[in-house]
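This report walks through one protein model for a reader who is meeting it for the first time. Please keep the sequence and the 3D view at hand while reading.

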Amino acid sequence: MKRTRVDGGFDEPEWITCELAEVPGVESVSYGVVRPGRRAPEGVPMIRAGDIADGAVGTSDLARISPDVHRQNRRTSLRVDDLLVVLVGRIGDTAVAGPDNNDWNVARSVAVIRFTLAGLTHGIDIWIRWWLGTPRARDLLRVGSAGAEHATLPLSDLKQLPVSLPPRHLRERILQTMDLAQRKMALNAKIVDRATELADAYFGRFAQGHARGDVHRTGVTVADVGQVIGGAPQAGALDGGRAIAWASPRDVLNNRTVHLDRTAGVTWASHDVACAPGTLMVAPRPGEVRTVAAAMPVVPGRGMLAICTGNEADRMWLLHELRARSKELVATAQGEQARAMSRKAFSKFPLSWPPEEVRERFAGIAAPLHSRSLEALRETRALQELVVFEMTQHASVER
């Protein structure tokens, strides 16, 4: 691509296309810490590629670096409104540094795009974040990462990514659309959170009200109420089959909702190996085990487990039972840092299991809440696609 330098202007009368690092309002594009050294439990939080998911930074199990290492890498000492871009794995995914992330740092697997005050004022930060989600940008980023064993994007390719920037009057109109979409997505996020909180609260009431031994069945284990499936390694296209969503433990651990509706990777296999929507996915990390419900067909990855139940009442109760007993479930994990699930130990985990009529009454309350949560998630995905489509259409017309 022809290198185009745009000197400071935000009022060009026509569309301009230039490399990302040359976009007016972009101050710098840098990658993070190359040599983090030993973990420092009381040190500075360092965001890795896997900590970024669904537009946000996960705050559990963060790596930490020593203050000395942090000082040696001041170029990526985070400021509010810095744009974080994944360079390894889920390439091109983004998150925005907020007040809680101020003066943190990032790993080599994450790029930091910093904007000038003018760039923030004119919405260049918002434009670039959405632009990175367009099919054109995604395709170019994938080309840049081709051939790497673990899908790695060189920083130079990100800097050279072509960005189409509309004239101010059109950019302001599209930014208004983006703003409306972001507000609705924020509302949807609250709906998802509140619906889940309500379902958890109702579960607590049901569990407390029916906790006597003469009401609950005793001796019931996970294996008694569902089929426990072990995780599988990720397979490439050469292994045959067709592409199916493949969930790694990190997909589950960093998923911000109780519903897993996206994964970073795919695996190639026959369709009958995929777990059906509604399957519970379980993954561990030090101190807790996280459980989510798959919202699409998915193959669980190594280090995690999946549980298929026979009916909705069992699935709803088991989902909330496992969520409520997250810390107890750590005993079913294995490995030096308890980062993989033991199928045998997990299958024997004892459950608090009330009579069928109790489970059905709870499901009658919880299932509609989960349905509303999924509806909000799907609306958010549709809004994201709508904004990206509008950007792409305008840019295509101008080209």
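## A buried charged pair

Glu321 and Arg325 are both buried, where buried means under 20% relative accessible area, exposed means over 50% and partly exposed lies in between, computed with a 1.4 Å probe on protein chains only. The side chains of Glu321 and Arg325 meet in a salt bridge, with 2.8 Å from N to O; a salt bridge here is a side-chain nitrogen of Lys or Arg within 4 Å of a carboxyl oxygen of Asp or Glu. Elsewhere, salt bridges that share partners join Arg90, Asp93, Arg138 and Asp251 into one network.

## The model and its confidence

This is a predicted model, in which local features need pLDDT of at least 70 and side-chain atom pairs count only at pLDDT 80 or more, while totals for chains, interfaces and linings use all residues. Residues are numbered from 1 along each chain as its sequence is written, and side-chain values use heavy atoms, with hydrogens and water left out.

The mean pLDDT of the protein chain is 87, and 92% of its residues reach 70 or more; pLDDT is the predictor's confidence in each residue, on a scale from 0 to 100. Over residues 1-7, pLDDT stays under 50, and for these residues the model has 15 contacts beyond four places in sequence, a contact being heavy atoms within 4.5 Å. Where pLDDT is low, the predicted coordinates should not be read in detail.

Helices (H or I, at least four residues) and strands (E, at least two) are DSSP runs, numbered from the N terminus. Strand E10, residues 110-115, is largely enclosed by the rest of the structure, because six of its six residues are buried. In a regular strand the side chains alternate between the two faces of the sheet. Both faces of E10 are covered, with Val110, Val112 and Arg114 buried on one side and Ala111, Ile113 and Phe115 buried on the other.

Two strands pair if DSSP finds at least two bridges between them. Strand E2, residues 26-31, runs antiparallel to E10 and is joined to it by five bridges, with Tyr31 standing opposite Ala111. Four bridges join E7 to E10, and these strands also run antiparallel; Leu84 has Val112 in E10 as its bridge partner.

The structure holds 20 salt bridges. In one of them, Glu27 pairs with Arg79, the closest N and O atoms being 4.0 Å apart. This pair links distant parts of the chain, since Glu27 lies in strand E2 and Arg79 in the loop between H1 and E7, 52 residues apart. Glu27 counts as partly exposed at 44% relative accessibility, and Arg79 counts as partly exposed at 45%.

Asp82 forms a salt bridge with Arg114, the closest N and O atoms being 2.6 Å apart. Asp82 belongs to the loop between H1 and E7 and Arg114 to strand E10, so that this pair too links distant parts of the chain, 32 residues apart. Asp82 counts as buried at 2% relative accessibility, and Arg114 is buried with a relative accessible area of 5%.

## Thr76 in its loop

Thr76 is found in the loop between helix H1 (67-72) and strand E7 (83-86). With a relative accessible area of 0%, Thr76 is buried. A polar contact of 2.6 Å joins the side chains of Thr76 and Asn105; such a contact is a pair of N or O atoms within 3.5 Å, where within protein one must be able to donate a hydrogen and the other to accept it, and residues adjacent in sequence count only if both atoms are side-chain atoms. Leaving aside neighbours within four places in sequence, Thr76 is in contact with residues including Ser30, Tyr31, Trp104 and Val112.

## Nonpolar cores

A nonpolar core is a set of buried Ala, Val, Leu, Ile, Met, Phe, Trp, Tyr and Cys residues joined through side-chain atoms within 4.5 Å. Of the 39 residues in the largest nonpolar core, Leu20, Ile113, Trp127, Ile128, Leu132 and Leu158 touch the most other members. Helix H6 (residues 168-209) gives the largest share of this core, six residues. A second, separate core of 36 residues includes Ala195, Phe206, Ala207 and Val220.
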